[in-house]
Amino acid sequence: MAESTAVGGESDLRRGRWQYALMGLGVNVLKRFSPVRLEKILAGSGSTAAATTFPDLKLLVECSGGIPGVSPARVIEMHPLLASVAVEDVTIPGPRGAVAGRVYHPRDPVGAVFVWVHGGAFISGDLDMPESHWVALELADRGVTVIALDYRKAVRGVHYPVPLDDVVAGWRWVVRTIADGAPSAVHIGGASAGGNLAAAAAMRLRDSGGDRLPASVVLAYPLLHSHAVAWDPMQRAAAEVDPRGLLFSSQDLGEMAWNYAGTTAALQDPCAFPPNGDLAGHPPLLVLTCEHDSLRPSGEAYAAAVAASGARVESEMSVGEYHGILNEPASAAGAHAIERIATWLRGF
């Protein structure tokens with residue numbers, strides 16, 4: 001697949017990479033750090049992603065409130081036909097308080113309902129980011145009813161199971177409110193950290209004994225394991241050829257998992273990290289990965305394990321691509337991934 005190119009004045013839409021995230025956090029954040037600390041944190045903003053660590057990014061996110069990205073208005077400028085999709089913001093009750101959601105109503109429904117969860121390393125992201133908003137608009141334009149969910153982030157003392165509780169509450173609201181009595185297949189999916197939450201929600205729903213189960217699970221470059229999954233040496237060597245390198249180091253992935261889990265016990269919990277559990281009865285699964293992505297081994301290992309449990313599994317790797325293609329509304333790779341998801345959802 002051809003590498004994505006920038007359009008419309010966007011010099012680089014790979015906003016998920018550490019250096020771009022750090023450069024965009026704003027002058028108000030800088031005042032909170034000593035010059036020595038600030039120099040250390042920003043040392044990586046113009047070089048490699050590995051120069052800045054996950055704890056540094058989390059600290060900046062906590063101070064700034066989030067990582068800026070491509071605005072919803074900019075997405076519509078890039079894809080003006082999507083402006084005709086009807087969008088409705090909703091507030092969903094949950095055990096931890098209100099959960100923000102956004103419903104995308106297709107003009108010509110195809111009978112699929114899709115609960116979609118954005119990523120952000122468990123510490124950032126929202127319903128306006130392209131990985132949520134652009135993906136949902138594009139799927140709705142293809143006839144899928146999409147409910148995008150936000151969730152509480154693992155910052156300022158929040159840990160598992162709080163984000164998962166929000167996603168499960170969102171699923172149950174969709175089943176009661178949108179899919180109640182309807183023959184439509186209801187699916188769940190997510191990207192990156194949202195992929196973890198979608199897979200974990202499916203497991204919790206399976207084990208509850210009283211919930212409607214997802215017709216399928218869709219995972220895009222998901223973070224599923226509580227540790228960095230070992231690469232095949234030849235695959236890793238090929239992925240490291242690109243001078244931009246891999247986005248997350250093994251240490252980053254371990255720190256993300258620990259920050260989300262909050263306790264040693266949670267690191268072993270199947271509803272925190274689904275590969276820890278029994279995968280029997282897993283819904284049909286679509287996994288999309290990217291070649292130059294440190295999370296690729298996690299997605300591939302999970303797909304293999306679910307297939308071994310007897311479930312239907314389809315997996316596809318985006319050749320030459322990087323983590324976060326669904327957060328790039330100018331990219332051919334992101335558009336292809338959305339079409340792949342739409343085709344999968346329409347098949348039920």
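User: At what angle do helix 6 and helix 13 pack, and how far apart are their axes?

Analyst: Two packed helices are described by the angle between their axes and the distance between the axes. Here helix 6 (residues 133–141) and helix 13 (residues 332–346) pack at about 50 degrees, and their axes are 10 Å apart. Axes are lines fitted to C-alpha atoms, for helices over the stretch in contact, and angles run from 0 to 180 degrees between N-to-C directions. Helix 6 is therefore oblique to helix 13, since angles under 35 degrees count as roughly parallel, over 145 as roughly antiparallel, 65 to 115 as roughly perpendicular and the rest as oblique. On the side of helix 6, Trp134, Val135, Glu138 and Leu139 make the contact, and they meet Gly334, Ala335, Ile338, Ile341 and Ala342 of helix 13; contact means heavy atoms within 4.5 Å. Please keep in mind that this is a predicted model, in which local features need pLDDT of at least 70 and side-chain atom pairs count only at pLDDT 80 or more, while totals for chains, interfaces and linings use all residues. Residues are numbered from 1 along each chain as its sequence is written, and side-chain values use heavy atoms, with hydrogens and water left out.

User: How many helices and strands does the protein chain have, and in what order do the strands form a sheet?

Analyst: Helices (H or I, at least four residues) and strands (E, at least two) are DSSP runs, numbered from the N terminus. In the protein chain there are 13 helices and eight strands. The eight strands form an open sheet with mixed pairing, in the order 1-2-4-3-5-6-7-8, where two strands pair if DSSP finds at least two bridges between them. Strand 1 (86–92) and strand 8 (313–322) are the edge strands, each pairing on one side only.

User: Which strands run antiparallel, and which pair in the parallel sense?

Analyst: Strand 1 and strand 2 (residues 99–105) run antiparallel and are joined by seven bridges, with Asp89 having Arg102 of strand 2 as its bridge partner. Strand 5 (residues 185–191) and strand 6, by contrast, pair in the parallel sense over four bridges, and Ala191 stands opposite Ala220 in strand 6.

User: Are the residues of strand 6 buried or exposed?

Analyst: Buried means under 20% relative accessible area, exposed over 50%, and partly exposed in between (1.4 Å probe, protein chains only). From strand 6, Val217 and Leu219 point one way while Val218 and Ala220 point the other way, and all are buried. Across the protein chain, buried residues make up 55% of the 348 residues.

User: Which residues have the most contacts inside the largest nonpolar core?

Analyst: In soluble globular proteins, nonpolar side chains tend to be buried together. A nonpolar core is a set of buried Ala, Val, Leu, Ile, Met, Phe, Trp, Tyr and Cys residues joined through side-chain atoms within 4.5 Å. The largest one has 62 residues, and those with the most contacts inside it are Leu164, Val167, Ile188, Leu197, Leu219, Tyr260 and Tyr302. Helix 8 (residues 193–208) gives the most to this core, with nine residues. A second, separate core has 35 residues, including Val85, Phe114, Ala191 and Trp344.

User: Where does Ser124 lie, and is Ser124 buried or exposed?

Analyst: Ser124 lies in the loop between strand 3 (112–117) and helix 6. Because its relative accessible area is 7%, Ser124 counts as buried. Leaving aside neighbours within four places in sequence, Ser124 is in contact with several residues, including Val61, Gly66, His118 and Tyr151.
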